[in-house]
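Here are my notes for your first look at this model. Keep the viewer open while you read.

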Amino acid sequence: MTAAPHRFEFTEVRKEEFGSQALHRRLIASAPRRLAFDEQASCRGWATKVRDKLTELLRMPERSSAQPSVEMLGDRKNMGDHVAQDLVFESEPGVLVPCRLLLPAKAAGPLPVMICLQGHTTGMHISLGEVVHARDVEDLGGDRDFALQAVRRGYAALAMEQRAFGLRSDGRPDCCRRTLDLEVNDDNHTCKHTAMTALLLGRTLLGERVFDVIRACDAVAQIEDLDAGRINVMGNSGGGTVAWYAAAVEPRIKGAIVASCFCTVERSIGAIDHCTDNYLPGMLQWFDFADIAGAIETARVAVVMGRHDPLFPHDGVDEAFEHARKIFAAQGRPGDIVFAQGEGGHRFYEGVGWQAFEALMARSDTPAS
């Protein structure tokens, strides 16, 4: 006679105690954040420590002293209200970054530059208002064609393909994958493998992307019609995260639009599923997301969020922005960070976002340097 299988007498309440996230939630809440902002601390010395530690944690490639090679591809194309030029620049040896540069048709240079970074979409073509995949129609409905928005506001817009997206997506053969049935922009189908293998190499994908923005600033200095003294960066979702970190480590960035990414770690990526490429190993040992404001020396920042963004709960957004605002104020720059809110979910908000940023950059005083 076969014995009846043993029944484990575990209630749903006890199962909650067994889960690994129960421990991680406690550790996230109590993480030391050794370089968190303290209003009583020396702001200048603290800011330098935050910048140095962030640079260390990003694990970026080593930057060459040589300027990156920039190659223009084909002729400029007349698009009506703007002209378009495809180009590539070399970020690190053997690593080419495809871009499209949009220039206002009737504006004379040198022009201010807006580096445009898509989040977890199917690629930089979204910034250009182009549909390549069926799901792109939905993404474009969220005001994500912001390279077009920028050029129509007088900027030279540099739409840059980020690592692991679009033209730089995971090119492994199907035999190496177990995720072929997932949507084309799913985390497991795009950035996850690249992010994890970067860790094997002592790098982070987040750091590699920030590094590409730094090298894009180098490339801008070599392109006719562009003003290397007026470089800005904007991004949505994961692109906004890259823009935030890039503004903290690259002083040539004078303005940043940071959209759909701003919150406390505890209430956002520490609690809610996010793409693998948004995680910075060891971060909470030193600071929270908003503490990075202390490392931003030169850029004015417009934070753009949706009130009902499910990935970034509203209470965590408010807490994080108030923290960043206090940091800017303590550094003598109380007006250099502003908040703009849309009334929807996870997307960009063209109207309120640009209105806030343009008002910010139009102020007559000069950002601290």
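This is a predicted model: local features need pLDDT of at least 70, side-chain atom pairs count only at pLDDT 80 or more; totals for chains, interfaces and linings use all residues.

The points below start with the sheet and then move to the helices around it.

1. Nine strands make it up, and it is open, with the order β1-β2-β3-β5-β4-β6-β7-β8-β9 and mixed pairing. The edges belong to β1 (70-78) and β9, each of which has a single partner strand, so one side of each has no neighbour in the sheet. On average, neighbouring strands are turned by 20° against each other, direction ignored.

2. For an antiparallel stretch, look at β3 (residues 95-104) and β5 (residues 156-160), which are joined by four bridges. If you want a landmark there, find Arg100, which stands opposite Ala159 in β5.

3. Now go to β6 (226-236). This strand pairs with β7 in the parallel sense, over six bridges, and Asn232 faces Gly255 of β7 across the pairing. The two strands also belong to a right-handed β-α-β unit, with α8 as its helix.

4. How buried is β7 (residues 253-259)? Six of its seven residues are buried, so the rest of the structure largely encloses this strand. On to the next strand: five bridges join β7 to β8, and the two run parallel. Ile257 is the residue standing opposite Ala302 of β8.

5. Seven of its seven residues are buried, so β8 is largely enclosed by the rest of the structure. Which residues sit on each face? Arg300, Ala302, Val304 and Gly306 are on one side, with Val301, Val303 and Met305 on the other, and all of them are buried. Note that an arginine, Arg300, is on that buried list.

6. The pairing of β8 with β9 (residues 337-342) is parallel and runs over six bridges.

7. Between those two strands comes α9 (residues 314-330), and β8, α9 and β9 make a right-handed β-α-β unit. What does α10 (residues 350-362) lie across? The answer is β4 (111-117), β6, β7, β8 and β9, and α10 runs at about 165° to β9.

8. Next, the helix pairs. α7 (residues 205-220) and α8 (residues 238-249) pack at about 60°, their axes 9 Å apart, and they are therefore oblique to each other. The contact brings together Leu206, Arg209, Val210, Val213 and Ile214 of α7 with Thr241, Val242, Tyr245, Ala246 and Val249 of α8. As for handedness, α7 passes α8 in a right-handed crossing.

9. α7 has another partner, α6 (residues 191-200), packed at an angle of about 95° with the axes 8 Å apart. These two helices are therefore roughly perpendicular, since angles of 65 to 115 degrees count as such. On the α6 side the contact uses Cys191, Thr194, Ala195 and Ala198, and on the α7 side Leu205, Glu208 and Arg209. Look at Arg209 in particular: this residue meets α6 and is also part of the contact with α8.

Key: Residues are numbered from 1 along each chain as its sequence is written. Side-chain values use heavy atoms; hydrogens and water are left out. Buried means under 20% relative accessible area, exposed over 50%, partly exposed in between (1.4 Å probe, protein chains only). Two strands pair if DSSP finds at least two bridges between them. A crossover is right-handed if, with the strands pointing away from the viewer, the path from the first strand over the helix to the second runs clockwise. Axes are lines fitted to C-alpha atoms, for helices over the stretch in contact, and angles run from 0 to 180 degrees between N-to-C directions. Angles under 35 degrees count as roughly parallel, over 145 as roughly antiparallel, 65 to 115 as roughly perpendicular and the rest as oblique. A crossing is left-handed if the near helix is turned anticlockwise from the far one by less than a right angle, and right-handed if clockwise. Contact means heavy atoms within 4.5 Å.
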